[in-house]
Amino acid sequence: MATVESGQTAEAAQRTPERRSAPVVTVRGARATLGSRPVLRGIDLAVHSGEVVALLGANGSGKSTAVRSVIGQVPLTDGEITLFSTPLRRFRDWARVGYVPQRTTAASGVPATVREVVASGRLSRTRFGLPGKADRAAVERAIELVGLTDRAKDSVEALSGGQHQRVLIARALAAGPELLIMDEPMAGVDLASQDILAATLREQVAAGTTVLLVLHELGALEPLIDRAVVLRDGCVVHDGPPPRAVGQHSSPSSSSRGGPMPGHDPSPLTNPGCHPHAAGEPLRTGLLS
Ligand SMILES: Nc1ncnc2c1ncn2[C@@H]1O[C@H](COP(=O)(O)OP(=O)(O)OP(=O)(O)O)[C@@H](O)[C@H]1O
């Protein structure tokens, strides 16, 4: 794959830097506890307009908790989050945000068609809950984007896991979000669906959508990724070019695609809750391949 010096792929680098100036998501000093366990221990994260940022890390490192805190599902015990420059506690413009949760069923046991589930994602844009022509067109477009037009009338219960995931993504796209947050969108998805999802995402990114996604492996999405933030034990241990998969690099500073870029080093030493990984210890990203 073609790469540029910074470690970004050529495709990611082609997108204009001026589109990336405005912060869409900022997370500062975020701490969160689930049960009695401190799961986020002071993370900083920023996603700028038009950027595609991957949140990586081993199982249990806090990736899902981090994105769930961004959408207000997990309260912080300390720190602050802004969305579109508005503090999260005052943010109401949820139609601007599309969220695809970690693999769940689209139907939740309620019989519903593909079109009905996708249309539920458009409700935030409809006037008085009544869908107009533009709303119906947006729903059809979202279904088409994920290649399920021929299944629109089918029950979601009749779909494969990968098709299910495509429905959830279409639901998130139906409102035309400016920010798309996806938690492991490729997990358990068949290769054909992965290709469709990658193409869908590429189209969104080309149109200017900002993307924050939790990933286990970069896979088909790698060409789109501008930057990777790696969590370990609730701390940011890397913020910079997407690292190579485990086994392909030895340490963050040893590879042009593996090391933090100047100015992007999260400097965990400055964060009392987080400790830098031992020198020479491989950066564990949670990548499986
Ligand atoms: N509701 C909960 N109550 C208590 N602990 C929780 C809860 N949800 C998650 N945890 C714990 O918080 C830690 C971080 O979980 P989280 O789901 O954010 O990690 P993750 O990096 O997304 O992992 P995975 O890749 O497995 O999804 C884990 O140790 C998990 O067991």
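Good morning. The residues of the shell around the ligand divide into 2 nonpolar, 8 polar and 2 charged; here Ala, Val, Leu, Ile, Met, Phe, Trp, Tyr, Cys and Pro count as nonpolar, Asp, Glu, Lys and Arg as charged, and the others, Gly among them, as polar. This is a predicted model, in which local features need pLDDT of at least 70 and side-chain atom pairs count only at pLDDT 80 or more, while totals for chains, interfaces and linings use all residues. Residues are numbered from 1 along each chain as its sequence is written.

Which residues are around the ligand? They are Leu34, Gly35, Arg37, Val39, Gly57, Asn59, Gly60, Ser61, Gly62, Lys63, Ser64 and Thr65, where near means a C-beta atom, placed from the backbone, within 6 Å of the molecule. E2 and H2 are the elements that give two or more residues to this shell, and H2 gives the most, with 3 residues. Helices (H or I, at least four residues) and strands (E, at least two) are DSSP runs, numbered from the N terminus.

I turn to the sheets. Four strands form an open, antiparallel sheet in the order E2-E1-E4-E5; two strands pair if DSSP finds at least two bridges between them. The edge strands are E2 (37-48) and E5 (86-87), each of which pairs on one side only. Strand E1 (residues 23-34) pairs with strand E4 (residues 78-83) over 5 bridges, and arginine 28 has glutamate 80 in E4 as its bridge partner. Helix H2 (residues 63-70) packs on this sheet, touching E1, E2 and E4, with contact meaning C-beta atoms, placed from the backbone, within 7 Å. The direction of H2 makes about 120 degrees with that of E1; axes are lines fitted to C-alpha atoms, for helices over the stretch in contact, and angles run from 0 to 180 degrees between N-to-C directions.

The other open sheet has 6 strands in the order E6-E7-E8-E3-E9-E10, with mixed pairing. Strands E6 (97-100) and E10 (235-240) stand at the edges with a single partner strand each, so one side of each is left without a neighbour in the sheet.

Finally, the helix pair. Helix H5 (residues 161-173) and helix H6 (residues 191-206) pack at an angle of about 15 degrees, with their axes 10 Å apart. H5 and H6 are therefore roughly parallel to each other, a term for angles under 35 degrees. Their contact has 4 nonpolar, 6 polar and 1 charged residues. Thank you.

Technical notes:
Contact = placed C-beta atoms within 7 Å. Parallel < 35°, antiparallel > 145°, perpendicular 65-115°, else oblique.
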